Amino acid sequence: MEPSRIGADELPDLVDGPGKLRPPAPEWCNTLTNWRASVDRVLNPPDLADCAPLGTEISPDDPRFVFHGSMRPVRTPAIAAAMLVVQRQLYANAKRTSGRLGVIIQGPSSTGKTTLMQYVGRDLEMRLNNRYGRNDDRIPVIALSVPDKGRGGSRNWAGAFARFLGLEGKLGNDPTESICYVMRNCHTQLVLIDGIQRLQHGADVEQTFSYLEHISDETGATFVYCGRNSRAIVDPQLRDRETQREKNEDPWGDHPVLMTSRLGYDQTGKDRFRRIVNEFDKDLRLYHHHSGDLTALSPVLHLRSKGYLRALSQLICQAAQHAMLSGEERIGEELLDTLTVGKVINI
């Protein structure tokens, strides 16, 4: 007798019980349902007039506390540039039956590659919803991570697409053909692939891109590949073993590459960093915060974060939550000094 399957909608009640309060948890974008929820979610800062009054004890599931735990992504200059590059590539690929180019996002760890890629995907879907109206039969964006290796060392890419699309158990004898049929008829334009650095040079890379290029050829979708050193893995010219290169010829191919990095300490880096901090400043909802307070701490935050966006986000979010719990309700340099991000704690 085949065991009964538990649907995704039933799991929360199974784990926590129906109607019970649950602690805050990440919202994954690993299925079409979750992805659409993330696109539809308007993550605006709470209005202080609607929050617990000043002096009220703050709990971990307080909406204002939860908001300051991650806050919303700020539109950095990098995001604006990436959106333009991907949009141009989508326009150029729109009517092509072959000869499409993808986009590569590369950079060191902690420089915001995944956030950048997801922001671009959500923006595309939101613009389509605004232009043509919401339509559940349209799947403009698919977001995947590189799947783990299975038996024999191969990666089940068909399974990864099927899980996102909700097609598991419905694919028939040729899962890839079924996936392509759904993508064509649901007008998929963009496929986001995260974690490219997990691929290993050799058969793993060759099998992966043979499959993904087939999907692109059959559906017309533009692919965005994201990960550390992803250009050296994705670039089709580097995988070309047939063409003889000229001496001193540039080895790289024609895929546009978006290179993320930490923000340095030259004047350009400082100015860009300050603009990013200023965007976070606008979203703070602390009772004693005044506009520009956080921006004035930009030099301190730059040194503490070393220009890495992950560290900056952690510093600001932890500082805001600590300000709420302590009752200070503002972020100052002394408060930042108490945070443990990047510090060694002798215990």
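In which loop is Asn 229 found? In this predicted model, where residues are numbered from 1 along each chain as its sequence is written, Asn 229 is placed in the loop between β4 (222–226) and α9. Local features were considered at pLDDT of at least 70 and side-chain atom pairs at pLDDT 80 or more, while totals for chains, interfaces and linings use all residues; side-chain values rest on heavy atoms, with hydrogens and water left out.

The protein chain contains 14 helices and five strands, assigned as DSSP runs (H or I of at least four residues for helices, E of at least two for strands) and numbered from the N terminus. Along its principal axes, the C-alpha trace spans about 65 × 65 × 50 Å. Of the 347 residues in the protein chain, 41% are buried, where buried denotes under 20% relative accessible area, exposed over 50%, and partly exposed the range in between (1.4 Å probe, protein chains only).

Asn 229 has a phi of about 55 degrees and is exposed, at a relative accessible area of 54%. Lys 306, with a phi of about 60 degrees, is located in the loop between α12 (298–305) and α13. Lys 306 is partly exposed, its relative accessible area being 47%.

Salt bridges were then examined. With a salt bridge defined as a side-chain nitrogen of Lys or Arg within 4 Å of a carboxyl oxygen of Asp or Glu, the count comes to 11. One of these joins Arg 64 to Glu 329, with 3.0 Å between the closest N and O atoms. Arg 64 belongs to helix α3 (residues 63–70) and Glu 329 to the loop between α13 (309–326) and α14, so the pair ties together parts that are 265 residues apart in sequence. Arg 64 is buried at 2% relative accessibility, and Glu 329 is likewise buried at 4%.

A further salt bridge connects the side chains of Arg 72 and Asp 283, at an N to O distance of 2.8 Å. Because Arg 72 lies in the loop between α3 and α4 (77–93) and Asp 283 in helix α10 (residues 267–283), this pair ties together parts that are 211 residues apart in sequence. Arg 72 is partly exposed, with a relative accessible area of 27%, whereas Asp 283 is buried at 6%.

Arg 155 and Asp 204 also form a salt bridge, their closest N and O atoms being 2.9 Å apart. This pair links distant parts of the chain, 49 residues apart: Arg 155 is in the loop between β2 (141–145) and α6 (157–165), and Asp 204 is in helix α8 (residues 203–219). Arg 155 counts as buried at 13% relative accessibility, as does Asp 204 at 7%.

A search of the whole structure for disulfides (pairs of cysteine sulfur atoms within 2.5 Å) returned zero. For Cys 180, which is in no disulfide, the nearest cysteine sulfur is that of Cys 186, 12 Å away. Cys 180 is buried, at 0% relative accessibility. Cys 226 is also in no disulfide, and the nearest cysteine sulfur, belonging to Cys 29, is 14 Å away. The relative accessible area of Cys 226 is 0%, and this residue is buried.

On the surface, Glu 328, Glu 333, Glu 334 and Asp 337 gather in a patch of negative charge. Patch members have over 30% relative accessible area and no salt bridge, with like charges joined within 9 Å and nonpolar side chains (Val, Leu, Ile, Met, Phe, Trp, Tyr) within 5 Å. Lys and Arg count as positive and Asp and Glu as negative, without His and the chain ends; the place of a charge is NZ of Lys, CZ of Arg, CG of Asp or CD of Glu.

Finally, Arg 239 is situated in the loop between α9 (230–234) and β5 (257–259) and is buried, at a relative accessible area of 17%. Arg 239 and Leu 165 are separated by 74 residues in sequence and by 30 Å in space, C-alpha to C-alpha.

Notes:
Accessible areas come from the Shrake-Rupley method with a 1.4 Å probe; for residues, only the protein chains shown count as cover.
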